[in-house]
Amino acid sequence: AAGMKRPTDTPEIVFLEQETMGPSVDLFRPSLPHRWTSYDKTAPEALVDRLAGAEIAVVNKARIGADALQSLPDLKFIAVAATGYDNIDIHACRARGITVSNVRDYAIDTVPEHVFALILALSKNLIGYRQGVIAGKWQESGQFCYFSHDIRALRDARLAIFGGGAIGRAVGRVGAAFGIDVVFAGRKGQTTAPQKPYIAFEEAIETADVLSVHAPLNHETRDLIGRPEFERMTRRPIIINCGRGGLINEQALVHALENGLVAGAGIDVLTREPPGDDNPLLAVAARDDVIITPHIAWASNAARQEVWRQVVEAIEAFAAGSPVRVLT
């Protein structure tokens, strides 16, 4: 990082959100001499006070903007315990000589596993059938099996992936193992024909049997899938979002579910987390064709331990003058 500020011999390190690492993770400390303070969670109004005097901050989702940075003259390094960093004002950090690093590729296995847990549960309608057994429907049927919900096969179905990064590609590899026709959607509004394995955005919307979003969230991708897109989904696809909440318009998804435009939804991320009572998806969360999980697709025990390993690695590398995974 240009103009990088080096830490002192015994830097003060503050971890603002220890609770985000969850249980069963060994939160070992950096090997360099340091002073350490950690908090389970940090409200926005407490952030500046807690980071006062700190040279190194460890954050996950806490928002550090330009105003906060003006009040933190000692801050030299921010270790983001996540891949996404839209909560950090990178431009302001660069201007102040503050180095920022993130963690990468820790969820390359666990997110695709979660994606397919959702796809399989929804394509086989496991929730509906489980509830039917609990309610005594099978027992009352008088048959060795009873049919109350669609049961979809995955072989030869089309999986359209929106976002061709490391996790999107990993989802595609798992899909291929199931015999699924895997395609990647081109950019929305793209006027030139995309190259294989990409197909036009509109074609992906119209031909997908399963649709999974893994694009980064920015001004171009917010509401990537909204009501106009749902209206064009001729194959009633299963919708999966283990990427970012804002990629799919939540009210539009509720409309699509209630009007039979889609066959189901597996959602791990919401526009606000934790959600408020006014989130429209909570009103349909008990439907047989909806599975909402609390942003845990990334969070296998092994993945969380790898996140922490990379956080400590980043702190040690910065202290040694050779920062890694630098965003500034």
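Q: Why does glutamate 231 count as partly exposed?
A: Its relative accessibility is 45%. Buried means under 20% relative accessible area and exposed over 50%, with partly exposed in between (1.4 Å probe, protein chains only), so glutamate 231 is partly exposed. This is a predicted model, where local features need pLDDT of at least 70, side-chain atom pairs count only at pLDDT 80 or more, and totals for chains, interfaces and linings use all residues. Residues are numbered from 1 along each chain as its sequence is written, and side-chain values use heavy atoms, leaving out hydrogens and water.

Q: What makes glutamate 231 and arginine 227 a salt bridge?
A: Their closest N and O atoms are 3.6 Å apart. A salt bridge is a side-chain nitrogen of Lys or Arg within 4 Å of a carboxyl oxygen of Asp or Glu, so the pair qualifies.

Q: Why are glutamate 231 and arginine 227 separated by about one helical turn?
A: Because they are four residues apart in helix H9. Helices (H or I, at least four residues) and strands (E, at least two) are DSSP runs, numbered from the N terminus.

Q: Why is aspartate 209 called buried?
A: Its relative accessible area is 11%. That falls under 20%, so aspartate 209 is buried. Its side chain meets arginine 235 in a salt bridge (2.7 Å, N to O).

Q: Why is lysine 41 called exposed?
A: Its relative accessibility is 56%. That is over 50%, so lysine 41 is exposed.

Q: How many salt bridges does the rule give?
A: The count is 15.
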